[in-house]
Amino acid sequence: MEIAENAALVVIDVQKGFEEEEFWGPRNNPGADDNIASLIDTWQATGRPVVFVRHDASKPVSPLRPGYVGNDFKEYVEQRRGKGAGTELLVTKTVNSAFYGTPDLDAWFKEAGISQFVVTGIQTNMCVETTARMGGNLGYEVLCPLDATHTFDLVGPFGWRLDADELARATAVSLHGGRFAAVVSTEEILAAAR
């Protein structure tokens with residue numbers, strides 16, 4: 001695996017509101033935050049661009065709504081913002097894809113000549129997966145370190161329920177098997193990026 005000198009790291013929705021377990025339910029992958037922090041550190045140390053994406057929920061009950069503490073980035077992300085040698089972008093969005101945010105991520109990538117990005121963050125099967133799928137459709141080379149994402153148990157139609165690990169596996173199979181993105185480990189990305 002090769003990581004381009006200008007490959008972007010897209011850090012999706014690592015916000016305090018996702019720590020409210022009574023709202024979201026059980027989560028998986030407790031190591032995700034450490035892996036996300038390691039990716040940010042490596043990207044900043046190597047001068048590569050980092051995109052921080054924040055979800056500004058429109059529903060008044062959401063822990064991610066603007067004006068509520070849950071909208072803020074988790075401390076370890078906030079402490080790293082503005083510390084890298086490379087360019088940095090803040091994208092805000094109200095839907096699942098970072099490509100439907102402000103400013104226009106696709107336009108920013110094109111202007112910077114970026115053709116490869118690594119997508120990480122919360123939730124694996126929602127905003128991470130949607131951003132990865134759209135990136136693949138738009139022609140980007142997308143890498144998804146699955147262990148630098150996490151999600152929550154979810155109930156769907158017909159009373160079907162999947163736990164967070166099952167949802168993460170389904171995302172990995174869909175992204176990788178459908179050729180939207182290469183699903184890899186954080187360690188593989190870090191080794192290739194150093």
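Tutor: A word on names before we begin: helices are DSSP runs of H or I with at least four residues, numbered from the N terminus. Keep in mind that this is a predicted model.

Student: How many residues does α6 have, and what span does it reach?
Tutor: Helix α6 covers residues 164-177, which is 14 residues. From its first C-alpha to its last it reaches 19 Å, close to the 20 Å expected at 1.5 Å a residue.

Student: Which residues of α6 are buried?
Tutor: Here buried means under 20% relative accessible area. In α6 that applies to A164, L167, A168, T171, A172 and L175. Looking down the axis of α6, these buried residues fall within an arc of 140°, so they line one face of the helix. On the other side of α6, V173 and G177 are exposed.

Student: What covers the buried residues of α6?
Tutor: The cover includes helix α5 (124-137) and several strands, among them β5 (141-145) and β9 (182-184).

Student: What is found at the start of α6?
Tutor: There, a side-chain oxygen of D163 reaches to within 3.1 Å of the backbone nitrogen of D165. After the helix comes R179, with a positive phi near 60°.

Student: And how do I read a pocket?
Tutor: Rolling a probe the size of a water molecule over the atoms shows where empty space is left. In this model, the largest pocket has a volume of about 460 Å³. It is lined by 19 residues, and the closest to its centre are W24, H55, K59, S62 and Q123.

Key: Residues are numbered from 1 along each chain as its sequence is written. This is a predicted model: local features need pLDDT of at least 70, side-chain atom pairs count only at pLDDT 80 or more; totals for chains, interfaces and linings use all residues. Side-chain values use heavy atoms; hydrogens and water are left out. Helices (H or I, at least four residues) and strands (E, at least two) are DSSP runs, numbered from the N terminus. The expected span of a helix is 1.5 Å times one less than its number of residues. Buried means under 20% relative accessible area, exposed over 50%, partly exposed in between (1.4 Å probe, protein chains only). The arc is that of the directions from the helix axis to the C-beta atoms. Contact means heavy atoms within 4.5 Å. A polar contact is a pair of N or O atoms within 3.5 Å; within protein, one must be able to donate a hydrogen and the other to accept it, and residues adjacent in sequence count only if both atoms are side-chain atoms. On a 1 Å grid over the protein atoms alone, a cavity is a set of points where a 1.4 Å probe fits but cannot get out, and a pocket is an open set with protein on both sides within 12 Å along at least five of seven lines; lining residues have an atom within 4 Å of a point. Grid points are joined across faces, edges and corners, and a volume is the space filled by probe spheres set on the points.
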